[in-house]
Amino acid sequence: MPEGEPEFLKLADGSLGCASVLMIVLALPVLVVLVVLAVEWLLVLLLLPLWVLARFLFGAPWLIVARGRSPEGRRWRYYGKVKGWRAGTDMIDTVRAEIARHGEPRSLGAPVAAEQANIVVVGEVSLQLVQSGEPLEIPGQVYGTTSGYARNGWLRGHLRADTVSLSISQGDGIARRAIPVLGGSALPETPSTKADRAAIGDAAVIGVTGTDGREYRIAVDPDELDALRWLQSRWIAPH
């Protein structure tokens with residue numbers, strides 16, 4: 001600084017330098033999160049066509065789910081698996097028409113469904129499905145991940161769970177995030193907080209301490225709770 005320059009200018013230069021460094025330090029985590037989110041979305045966009053192509057080539061079945069509530073307040077749901085994109089689309093249209101006409105998806109329940117050879121699983125509740133070896137594939141939320149998409153700590157997506165694994169995706173199977181539950185331990189079931197309810201509504205919740213030491217909570221429709229608890233008992237069982 002030139003000789004004879006006022007002292008307050010020297011102080012101002014020093015303050016501006018500190019402020020610049022502080023702004024860079026504060027902005028760096030935000031930039032890192034934005035880069036990670038951009039990379040995740042690019043991966044989804046790149047893998048989605050490959051995933052759809054793989055389903056066409058290998059004939060993986062599409063899961064058809066119909067659920068609702070009767071006028072008496074009783075919940076109902078039906079499951080079906082249909083091979084082929086066109087067959088799946090036709091089945092969805094049929095199920096919608098049947099619900100509108102009859103109040104229930106008759107094509108997903110015996111005896112109508114038994115006459116259709118392309119239906120793999122019909123009319124079974126979630127607990128029976130998982131106990132027979134079928135994976136549980138339902139909407140849900142997971143608390144405890146480090147995802148930037150989480151709301152109040154809860155990551156919303158599509159859960160896939162079986163006796164040895166749990167994962168969640170936000171792209172119908174693309175960019176799936178694995179939760180290390182096998183060999184973990186169960187967390188006590190505690191009432192959800194007000195902040196939790198703002199994110200998950202009336203969903204039922206169980207908790208698991210993963211093998212990475214993190215505590216995870218899984219929120220699902222109350223109808224799916226028995227199936228999820230049964231899978232939890234398999235995750236924490238000695239192996």
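## A loop residue to start with

N152 sits in the loop that links β3 (136-143) to β4 (154-161); helices (H or I, at least four residues) and strands (E, at least two) are DSSP runs, numbered from the N terminus. Its phi is near 55°, a positive value in a residue other than glycine. Most residues other than glycine have a negative phi. N152 counts as partly exposed because its relative accessibility is 44%, where buried means under 20% relative accessible area, exposed over 50%, and partly exposed in between (1.4 Å probe, protein chains only).

## Ground rules

This is a predicted model, with local features needing pLDDT of at least 70, side-chain atom pairs counting only at pLDDT 80 or more, and totals for chains, interfaces and linings using all residues. Residues are numbered from 1 along each chain as its sequence is written, and side-chain values use heavy atoms, with hydrogens and water left out.

## The chain overall

The protein chain has 5 helices and 9 strands, and along the sequence they run α-β-β-α-α-β-β-β-β-β-α-β-β-α. Of its 239 residues, 31% are buried. The chain exposes about 14,500 Å², with carbon and sulfur atoms supplying 62% of that; accessible areas come from the Shrake-Rupley method with a 1.4 Å probe, and for residues only the protein chains shown count as cover.

## The sheet and its helix

Seven strands make an open, antiparallel sheet in the order β6-β5-β4-β3-β9-β8-β7; two strands pair if DSSP finds at least two bridges between them. At the edges are β6 (177-179) and β7 (185-187), each pairing on one side only. Neighbouring strands are turned by 40° against each other on average, direction ignored. Axes here are lines fitted to C-alpha atoms, for helices over the stretch in contact, and angles run from 0 to 180 degrees between N-to-C directions.

Within the sheet, β8 (residues 204-209) and β9 (residues 215-220) pair in the antiparallel sense over 6 bridges, and A204 stands opposite V220 in β9. Helix α5 (residues 225-236) packs on the sheet, touching β3, β4, β5 (166-169), β7, β8 and β9, and its direction makes about 10° with that of β8. Contact means heavy atoms within 4.5 Å.

L47 belongs to helix α1 (residues 7-58) and, at 39% relative accessibility, counts as partly exposed. T89 lies in helix α2 (residues 85-102) and is partly exposed too, at 36% relative accessibility. T89 and W62 are 27 residues apart in sequence and 9.6 Å apart in space, C-alpha to C-alpha.
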